[in-house]
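Subject: Structure for your review

Dear colleague,

Please find below the structure that I am handing over to you, followed by an account of what was found in it. I would be grateful if you kept the model open while reading.

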Amino acid sequence: MEIKIAIQGIKGSFHHQVAQEFFRDSVGLDECMSFENLVTSLKENKTQKGIMALENSIAGSIIPNYALIDNNNLHIIGEHYLDIHMNLMVLKGQKIEDITEVHSHPIALLQCAVFFKQYPHIKLVESGDTAETAMRIKNENLLGIGAVASPIAAKMYDLDIIAAGIHTIKSNKTRFVIVKTQNKEIPKEEINKASIKFELDDTPGNLATVLNVMNNCKLNLTKIQSMPIIETPFQYSFFVDIVFAKYKHYEKAKKILELMTTHFKVLGEYKKGAQ
């Protein structure tokens, strides 16, 4: 039976590219124009798994997505790192001098800010998805409008790339996570990475003690992201990614951390993606 995957954006988007690379086999897609819609698709069982961008090497963490995963009790069951190639694409036959507006996702525009400083006549307009503008340019025959999107979008919507690789920092990767409503996916012996969330009481040195426990249990902390707890000002939740050689080391740390923290939650246990 073909599984159905929820992605943010449409065919030709970076999320679509991740679906192709991660699942390899043919999968059905539910194209969601927001991450909130993606979560709804999973919770209403329209799809079995979803793909969410979580952090970019240039723009940083996509903090609202941490909250979406946590608040909706989704589980991370895998991850995929994608090299992001931003390209300016237009209807065939147009030149950059003809373009008055460029539309794309705000993070895509942010990653290409230095390139567009060369062209002050171009107005940058935020949209919901990189590929959606490419499709609209093609379908509505939009002259004077460009899109910033992936090479797959240019090919899919028959557009000319008039400037390739326009992102400021050429080593540009985005980490995507695969999410579902249940955690069980792979056997323990294959798991070598986990995403956890915890909260601490306001005692000096608490966070340092927690990090020491991770170190003593042979866990390698690869990411820590704090988020304010809205109900209690100046208190924070910590979202942490850890990798480990043996599941038993992580299991030991988990038991200790459950006792040390005021709130502890596993967001996912999975296999580390190739960077």
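Helix α1 (14-23) is followed by R24, a residue with a positive phi, near 60 degrees. Helices and strands here are DSSP runs numbered from the N terminus, helices being H or I with at least four residues and strands E with at least two. Of the 10 residues of α1, 7 are buried, so the helix is largely enclosed by the rest of the structure. The buried residues in question are F14, H15, H16, Q17, V18, A19 and F23. Buried means under 20% relative accessible area, exposed means over 50%, and partly exposed lies in between (1.4 Å probe, protein chains only).

Please note that this is a predicted model, in which local features need pLDDT of at least 70 and side-chain atom pairs count only at pLDDT 80 or more, while totals for chains, interfaces and linings use all residues. Residues are numbered from 1 along each chain as its sequence is written, and side-chain values use heavy atoms, with hydrogens and water left out.

Helix α6

Helix α6 covers residues 130-140, and T130, A131, E132, T133, A134 and I137 are its buried residues. Their cover includes α1, along with β6 (87-90), β7 (101-104), α4 (106-111), β9 (145-149) and α7 (151-156). After α6 comes N141, whose phi is positive, near 50 degrees.

The nonpolar cores

A nonpolar core is a set of buried Ala, Val, Leu, Ile, Met, Phe, Trp, Tyr and Cys residues joined through side-chain atoms within 4.5 Å. The largest one has 51 residues, of which I51, F116, V148 and I166 touch the most other members. Apart from it lies another core, of 20 residues, which includes C217, I242, F244 and Y250. As for V148, its contacts (heavy atoms within 4.5 Å) beyond four places in sequence are M86, N87, V102, H103, S104, A108, L109, C112, F116, T130 and I166.

Salt bridges

A salt bridge is a side-chain nitrogen of Lys or Arg within 4 Å of a carboxyl oxygen of Asp or Glu. The structure contains 16 of them. One joins the side chains of K223 and E55, at 3.5 Å from N to O. This pair links distant parts of the chain, since K223 belongs to strand β13 and E55 to strand β3 (residues 49-56), 168 residues apart. K223 counts as buried at 15% relative accessibility, and E55 counts as buried at 18%.

The side chains of D70 and K197 form another salt bridge, at 2.7 Å from N to O. D70 lies in helix α3 (residues 63-71) and K197 in strand β12 (residues 193-199), so this pair ties together parts that are 127 residues apart in sequence. D70 and K197 are both buried. K197 also meets E199 in a salt bridge, at 3.6 Å from N to O, and E199 is buried as well.

A buried loop residue

N172 is placed in the loop between β10 (160-163) and β11 (173-180). At 1% relative accessibility, N172 counts as buried. Its side chain makes a polar contact with the side chain of N56, at 2.9 Å. A polar contact is a pair of N or O atoms within 3.5 Å; within protein, one must be able to donate a hydrogen and the other to accept it, and residues adjacent in sequence count only if both atoms are side-chain atoms. Leaving aside neighbours within four places in sequence, N172 is in contact with N56, S57, I58, L82, D83, I84, Q111 and H167.

Helix α9

H249 is part of helix α9 (residues 247-260) and is buried, with a relative accessible area of 18%. Not counting residues up to four places away in sequence, H249 touches C217, K218 and L219. The C-alpha atoms of H249 and L219 are separated by 7.2 Å, although these residues are 30 apart along the chain.

Yours sincerely
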